[in-house]
Amino acid sequence: MPREKAAGAGKRAKKSGGGTGAVSLAARAFGQEPIEAALPSKLAPGLYVVSTPIGNLGDITLRALKTLASVSAVLCEDTRVTGKLLAAYGISARKIPYHDHNAAEARPEILRRLKAGEALALVSDAGTPLVSDPGYKLVRAAIGEGVAVTAIPGASAALASLVLSGLPPDAFAFAGFLPPKSAARKRALREWKSVHATLLFYESATRLAASLADMAEMLGARPAAVTRELTKLYEEVRRGNLAELAAFYRAQGAPKGEMVVAVGPPGGDADPSGGEALDRDLAAALSRTSLRQAVAEVAAATGLPRRVVYARALQLKGEQG
Ligand code: SAM
């Protein structure tokens, strides 16, 4: 379980013990009165897709707690991770592994149980199942078998990133993880380029700088935000255009933790030729050295492709001359 922003909430909940149930424990942890509506109760049969926190233990809904406390078993991406969450709220549900490596094998038995009238919950390690996490094939199969499927919504890193990014929220597209290798990543980015929406990419710390450089090359210097460690103690949002962010993380090295990259739509505030920062860097370099040398320096500093920097340098020289 990642570090909590509301430090100690989980520990306090665990220590309070006494078999008083999830609601009472949650109430003690967060200073509320116990809420009757969240006490365990008999659930209608079916599959319950339950969102869990993405870092801050407090980001679980009362309905999620009630569901997890009431189902006959919880299907977990990792039983240890979910075990810690359940323990923090005093829930002692049966846990069944359901992850990428056993899903095909485990699904028939899960479907048999659902068709026999059981209520089962599906969770992933963090956030909303199916969103870059296991569950899609199970939901499809359950729908196909006429089993009731219910979403218990809650945290997801994609939406938290969107609202903090400062980028247009009216149309957005969740793009998941880009391919790890640059050539495939660029092909994928080419597909996203014409989409008129804020794009949300999940990314790993080690690939962040290379991904941002490919994004700058393929999408232009659009406004973007790297949103990191959302809901946790060291939550951070770094905004800039893609070229600036690529240069920053290239210089800084891989940041710690988990991150989502939000990228503004084409047009809008973005300057596809590289933005004001590029113009500033180029003007400074051109004032003291040759075009060739200025392009080489600025391309190295920003992580932008030389041809993008070269084209902009020619434009700037043309505008001046
Ligand atoms: N199902 C999850 C959800 O609803 O957000 C996503 C699971 S996916 C396997 C994990 C990725 O989500 C991470 O690599 C990161 O890109 C993003 N992520 C998850 N938690 C995050 C957090 N607290 N802050 C930033 N990004 C996060």
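Welcome! Ala224 counts as buried because 30 C-beta neighbours lie inside 10 Å; buried means 20 or more other C-beta atoms within 10 Å, exposed 12 or fewer, and partly exposed in between, with C-beta atoms placed from the backbone. This is a predicted model, in which local features need pLDDT of at least 70 and side-chain atom pairs count only at pLDDT 80 or more, while totals for chains, interfaces and linings use all residues. Residues are numbered from 1 along each chain as its sequence is written.

**Around Ala224**

- Ala224 sits in strand β8, residues 223–228; helices (H or I, at least four residues) and strands (E, at least two) are DSSP runs, numbered from the N terminus.
- Arg239 is 15 residues from Ala224 in sequence, yet their C-alpha atoms are 5.8 Å apart.

**Around the ligand**

- The ligand lies between domain 1 (9–155) and domain 2 (158–263), because both give residues to the shell around it; the bounds come from an automatic or database domain assignment.
- At least two shell residues come from each of α7 (157–165), β7 (198–203) and β10 (259–263).

**Two residues with positive phi**

- Ser132, a residue other than glycine, has a positive phi near 50°.
- Ser132 belongs to the loop between β4 (119–122) and α6 (136–144), and counts as partly exposed because it has 16 C-beta neighbours inside 10 Å.
- Glu229, also not a glycine, has a positive phi near 55°.
- The loop between β8 and β9 (236–241) holds Glu229, which is buried, with 20 other C-beta atoms within 10 Å.
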